[in-house]
Amino acid sequence: MSPSPIGRPLTRVDGVAKVTGAARYAADADVAGVTHAVLVTSTIARGRVSALETAAARSAPGVLGVFTHLTMPRLTVPGPTAAYFKRFLPVQDDVVRHAGQPVAVVVAETLEQARYAATLLRVSYEAEVPRVVLADSMADAYVPPPGNDGPNDYLRGDVAAGFAAADVVVETTCTTPLQHHNALEPSATVAEWTGDRLTVHESTQGIGNSQNALMQAFGLPRENVRVVTPFVGGGFGAKGPVWPHTVLAAAVARQVGRPVKLVLTRADTYTSNGHRAETHQVLRVGATRDGGLTAIEHVVTQQVSRTEEALFNSSEPTRMLYACPNVRSTQRAVRLDLPTGSFVRSPEAATSHALESALDELSHALGVDPVELRLRNWSDTNQETGVRHGSNHLRECYEEGARRFGWSNRDPRPGSMRDGGELVGLGMATAAHTAGGRPGSGATVTIGLDGTATIRSGTQEIGTGTSTVMAQVGAEVLGLPAHHVVFALGDTDYPPAFASAASATVPSVGSGVVRAATAAREQVVAAAVADVGGPLHGVPPDRVGTADGYLFVADQPRRRVSYRDVVRRRGTPVEVTSNPVPVPLGYSVGAVFVEVRVDPVTGRVRVRRVVGVFDPGRVLNRQTVRSQAIGGAVWGIGFTLTEHTLVDPHLGRVVTPNLSGYLVPVNADVPDIDVGFVDRPDPASPALGARGFGETPMTGVTAAIGNAVHHAIGHRIRDLPITQDKVIAALSAQN
Amino acid sequence: MPEEEPPSAFTPTRRTVLKAGAAATAIPLWPREASADSTVPMSLRVNGKVYEQVLEPRVTLLDALRERIGLTGTKKGCDRGECGACTVHVDGRRIKSCLTLAVMQQNREITTVEGLAGGELHPVQAAFLRRDGFQCGFCTPGQVMSAVACVAEGHAGSDDEIREWMSGNLCRCGCYPNIVAAVRDAAEELS
């Protein structure tokens, strides 16, 4: 018998399409007669459009329409149920709320014509002075009403008493900068109307959100809006919420009576689909001499826009992770004339960085090893909810990670380790992120007369391996070889699924597949035992096993019949659809160890080694889960060392809206990354023991790098990113 | 830049320059004068097949491939030569197709990701698949084309050399270690 389809490093089912260029992303949709739209965006950050000269643009060759707030039809602003957070639609009035806001849309026969005509538009503004610098507006900080992760002022225990009981108290202030997702695929929409029916080829992490937003914007019933997304070229949160360009593309397509393709430019993506808001964080940690935490107080202040106040950098690590009886977490907002933020891969990374850096400072203050300190405060219970984790093997992650890394060889004294002219630093941190706790998903399982299964669900393939892993899950439950199961996604005609976000796909879509496949299997078993001439006739259904495409008697595996024969003799395909069932909150954890080398002359920090050992519950596919862990580490390197979006403090414009000013890690920035997994099922998981995992591995890496830099140079750089100028300044101050 | 490549692969010949100049005369000196008929016929040889196109001279090779010829495997990530998603081969050399005009690439052999595989996957494609050298797949056509050239140039001699010579292709999913492994495998197989 073949081994279970679960856990194996099964090669991606969509891999051949991706390496041959056959995979079609939104902007690749082959739509006859498609025209091209280009956004004209605001050059001011605050004020109003005072005049528009459109004649030259309208008469330019190939132009089909120039749409401004004076000519664009009125649209309904989609609401939060559509994950539309922006609370306003641009090109509907003359108000400018941030630089880069669309003020016009030009449609032409070709992209070149649209782009050229857009340059002919003359927009005049009445500009007001924008406020865009967080540090200058800290006095305006306020605590918004409960948001994405509950109340923004959280308290357990008695924090004052906790600090009074502490032998050591460490207080730190750190900042993390404005950052952008920079998925390699810029968001794209191809909108096509047939009468009052709209089909949209969309680059989105949530086709259901896009469908809802378009229904609301145009007042259409669900059956009139279809969203199709076979592949997504990276999302990382940029494509989770719905943004104006999707609605604008559909609106202008209706106006010109032709299909319209709108692909954001790289520069557009810096103001069109959210960002990781800048944070300012103050963290106080108190502990007894032996390292037991007595109190944590964490105040995080972050930017929001003028039009909404959702906070996307959540303090969940502070509230949930460590056993500490007295915790206060306050999440504050400062309104600035910048675009609306969004979730960005591992939204808990910014606060995790502050917490894990503070714990490193505490370990130095106490003289307790950083691993020991974390082991001392480990908990098997979510400290915020009080609910015990289904499983939590974090202690094994610390031990296995330390062993692989050679942590015991570390001289704990900062600045003590050198290799030639380079300063060597070793640091570690805990990785932890919520996973799931979101709406569920449905799936349809169809077993055809050939005995193979097709599973459909309205989820998305954002690169995490959903198509592959969900086929494995279906195959496991049904007892089919993995290659006899096809998983189809990315179409709102399929059962609804939660967005590919929040590390929720495995529990949400996975459990939907498990429920539908379980019921489909029961029907096939029922048909087999009812089949008078069949080999399993009369066998109690609970004694029938399924594996490798066969049904068999549990203790007589040779007495068997193939799926194909059962369904064929039944005469009709078996089809079962599961309904969405909300999934419990999971918590996926790990331990990350990093070695850095610092050049004391140039201040350059290079990450030399990363070791990460994680507990994602049961591993569904060793290859795809490993790739997610590696990807998280690469994001951690960018977050900590290179990535920051610079905004002109006077004009409010992004001055690095590209990939040469904003530095995402390149191949040469990334060392070998050693990844390990505990791989034990979480009994609380509704998806074969697997938890969501994608956002966990970036956390931990950031603080581990920062802690390693401190270990190397003896100075803690608390304002990210840790760039060469800051390292040189720190080293100069010491000398 | 590799030294062993024939000069013709690098240096525009006098004839090419003249041709490009002749095409360029079709562009009005000031773009404001552009009109609907400012197009020129051009012949592009892509993956061994000739495509006769009538295009404005300002059309990039990338947009010609994607929007006119319909070869959408080549991707646009930044449109300014920073990400490498649009990497194709022109006369065997890897270039960023967003940074060149289609009209400049006539009478050359253009190879895109669609032209790499014959009946079966090219060893580089097979290695990317085996090593999971991608996640979302959007940068992958550019990575694969760059990797084929990287091996052919002789820049895959060590992991560090691969990292350096593959650093013109960004991967935001962060698959770099797997990409290095794939290029290493392919270099061994192709040597």
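The model is a predicted one, in which local features need pLDDT of at least 70 and side-chain atom pairs count only at pLDDT 80 or more, whereas totals for chains, interfaces and linings use all residues. Residues are numbered from 1 along each chain as its sequence is written, while chains are lettered from A and ligands numbered from 1 in the order in which they are written.

Chain A contains 17 helices and 27 strands, taken as DSSP runs (H or I, at least four residues, for helices; E, at least two, for strands) and numbered from the N terminus. Its C-alpha trace spans about 90 × 75 × 50 Å along the principal axes. The radius of gyration of chain A is 27 Å, which agrees with the value near 27 Å for a compact globule because the chain has 735 residues; the radius is taken over C-alpha atoms, and the globule rule is 2.2 Å times the number of residues to the power 0.38.

The model scores ipTM 0.98 and pTM 0.95. Chain B averages a pLDDT (the predictor's confidence in each residue, from 0 to 100) of 87, with 81% of its residues scoring at least 70.
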